[in-house]
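Have a look at the picture first, and then read on.

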Amino acid sequence: MALDMAKYRLIFLEESTDHLGEISRALLDLEKEMASAEAIDTLFRMAHSIKSMAASLGYDAVADLAHRLEDRMEGVRTAGRVRSQEELALLFRSLEALEGMVEAVNREEEPSLADDQLLAQLAEQGEDGADPGAESPDPVGGEPKKVRL
Amino acid sequence: MARVLIADDASFMRQMIREIIEPEGHEVVGEATNGIEAVDLYNELSPELVTMDIVMPKRSGIDAVKSILEQHPTACIVMCSALGQETLVMEALQAGAKDFIVKPFKPDSVIATITKMLEKAD
């Protein structure tokens, strides 16, 4: 059976626009309180939801970036807080990139891939949610970083 | 044919599941947008099948599964999971969920999973 994907594109635009608004509000909350559990949870769930919708429609660039953001937020959730101002800035940049991609969908264009540096920075965190900016207590024997795709 | 409760916080996903299963003759008797609503609607509607998202606000899908199965041990619940949620899917299955479907949904696969579950439940 085939689904009417034009209909789902419109729903995607409506829901992802709402979700990006929620991410924006959550980031503003995190700017004030970097350990806001509610804001961290909201950001995680919104990234997860955008990923699932985008994957359903074949918007791979959106799904990939949202997935990286979701993984990053999993680390933040484990740590219980956004771990540095740099990490907060990275989350804001991710939001900006996702907004650009959704705008492209709205213009009926194929969203461009997120820039490699952003994707790489999102992936830079310990699997245990350790502060990516902190020095490793065991810089020699650490496991290689893993990114789920 | 079954009476189905769909639990997912995304309208996108709820509509997609509805559009996949209704042509097969299943009746969507309710839609829940979070884990608390899922438990409440299950108690109210007694559906024969639930499709349960894992990541939802207020109460997760896994918590909702545990709560429903505590009160209704024979409940037939299928989890809706996404990439990277293998651990959570295992937790849900251990809690008593019967099976899972993976996003992005493939209509034929969703129908096959639901049909198989309902046959086993008979």
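Helices (H or I, at least four residues) and strands (E, at least two) are DSSP runs, numbered from the N terminus. Axes are lines fitted to C-alpha atoms, for helices over the stretch in contact, and angles run from 0 to 180 degrees between N-to-C directions. This is a predicted model, in which local features need pLDDT of at least 70 and side-chain atom pairs count only at pLDDT 80 or more, while totals for chains, interfaces and linings use all residues. Residues are numbered from 1 along each chain as its sequence is written, and chains are lettered from A and ligands numbered from 1 in the order in which they are written.

**Two helices in chain A**

- Helix α3 (residues 60-79) of chain A packs against helix α5 (residues 116-123) of chain A at about 25 degrees, and their axes are 9 Å apart.
- That angle makes α3(A) roughly parallel to α5(A) (angles under 35 degrees count as roughly parallel).
- The crossing of α3(A) and α5(A) is left-handed (the near helix is turned anticlockwise from the far one by less than a right angle).
- A:Leu65, A:Arg68, A:Leu69 and A:Arg72 of α3(A) meet A:Leu119, A:Leu122 and A:Ala123 of α5(A) (two residues are in contact if their C-beta atoms, placed from the backbone, lie within 7 Å).

**Two helices in chain B**

- Helix α2 (residues 35-45) of chain B and helix α3 (residues 61-71) of chain B pack at about 25 degrees, with axes 8 Å apart.
- This makes α2(B) roughly parallel to α3(B).
- On the α2(B) side the contact is made by B:Gly35, B:Ala38, B:Val39 and B:Tyr42, and the α3(B) residues include B:Ala64 and B:Ile68.

**The sheet in chain B**

- Five strands of chain B form an open sheet in the order β2-β1-β3-β4-β5, with parallel pairing (two strands pair if DSSP finds at least two bridges between them).
- At the edges are β2 (27-32) and β5 (99-102) of chain B, each pairing on one side only.
- Neighbouring strands of this sheet are turned by 20 degrees against each other on average, direction ignored.
- Strand β1 (residues 3-7) of chain B runs parallel to strand β3 (residues 49-53) of chain B, and four bridges join them.
- B:Val4 has B:Leu49 as its bridge partner in β3(B).
- α2(B) packs on the sheet and touches β1, β2 and β3 of chain B.

**Where the chains meet**

- The contact takes 18 residues from chain B and 16 residues from chain A.
- Helix α1 (residues 11-21) of chain B gives the largest share of chain B's side, six residues.

Methods:
Angles under 35 degrees count as roughly parallel, over 145 as roughly antiparallel, 65 to 115 as roughly perpendicular and the rest as oblique.
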